Amino acid sequence: MSRVNHQDLGQLNGPIVLFGGPYSNLQALEALFERARALGVGPERMICTGDVVAYCADAFAVSERMWSSGVPVVAGNCEKQLATRAKNCGCGFEDGSACDLLSVGWYGYASAQISDVQCRWMGQAPDIISFVNAGKRYAVIHGGHHDIARFIWPVSSEAVFDEEWQAVERSIGPIDKIIAGHCGVPFERQTPRGAWINAGVIGMPPNDGAPQTRFAVLDTGRVTFHTLDYDHVGAASAMEQAGLTQGYHSALLTGYWPSEDVLPPELRCAALASG
């Protein structure tokens, strides 16, 4: 692994709002900032697990809002790719999968929207963030640390969590808990090394049949997951007006992804419904 860009936030006291994947969804991002204010949490106690820009219609505005807010953002694969003006999102989708095919439309649109200055900001995002809360040391990454675009699910094997945990500790030393994003599904998994927490994403629902998205709050060592109500109809309409009608616009309304094949079989809607 090449040299790691590590940002240490030091001691963070009080509740911390954790979130991932704004995904160019301006309506969801503004709703999150409003919820954080209601919780008494300022930008200095909010952390984003990456992918500021993706599926939705307002890549430029969301980038500007995140940048100006000062919220710490760990680099996601979208930040890495956009920073270098790469030709694809680098999401790690299988060739020919729904996610792979659909990414052509939204990634091209997002890349055309954002400015060179915003690309440089994305290029400065750290690979890993660390902080201490309630006596425990946390690391924040995007997908995996060994592989930024690795999809790590609540049902992934113990070996996957162990491999990524070792990669984190090789980079920044011992940690007690890991916070991640990328997969779009919020969860907390207890591993032999400690808790692995996925904060979920705010820009897209977690494929559960409802339009609300997710974020997490860490307070005195305990994480809780919260639903985020926002103007999802307005966000979907903005996508339609921008010509982003490959399927993710409908997901904002229905709560179901057009790309369910990225999920492990046991997490797909048919399996969940039958279970």
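Student: What makes β6 and β8 a pair, and in which sense do they run?

Tutor: Strands pair if DSSP finds at least two bridges between them. Strand β6 (residues 177-180) and strand β8 (residues 194-198) share four bridges, in the parallel sense. I178 stands opposite W196 in β8. The model is predicted: local features need pLDDT of at least 70, side-chain atom pairs count only at pLDDT 80 or more, and totals for chains, interfaces and linings use all residues. Residues are numbered from 1 along each chain as its sequence is written, and side-chain values use heavy atoms, without hydrogens and water.

Student: What makes a run of residues a strand, and how many does the chain have?

Tutor: A strand is a DSSP run of E, at least two residues; a helix is a run of H or I, at least four; both are numbered from the N terminus. The chain has ten strands and nine helices.

Student: Why are β1 and β7 called edge strands?

Tutor: The open sheet has the order β1-β4-β5-β6-β8-β7, with mixed pairing. β1 (6-11) and β7 (187-191) each pair on one side only, so they are the edges.

Student: How do you know that β4 pairs with β1 and with β5?

Tutor: Four bridges join β1 to β4, in parallel. Five bridges join β4 to β5 (residues 136-140), antiparallel. D8 stands opposite S130; N133 has K136 as its bridge partner.

Student: Why is β4 called mostly covered?

Tutor: Buried means under 20% relative accessible area (1.4 Å probe, protein chains only). Five of the six residues of β4 (residues 128-133) are buried, so the strand counts as mostly covered.

Methods: Buried < 20%, exposed > 50% of the residue type's maximum accessible area, 1.4 Å probe, protein only.
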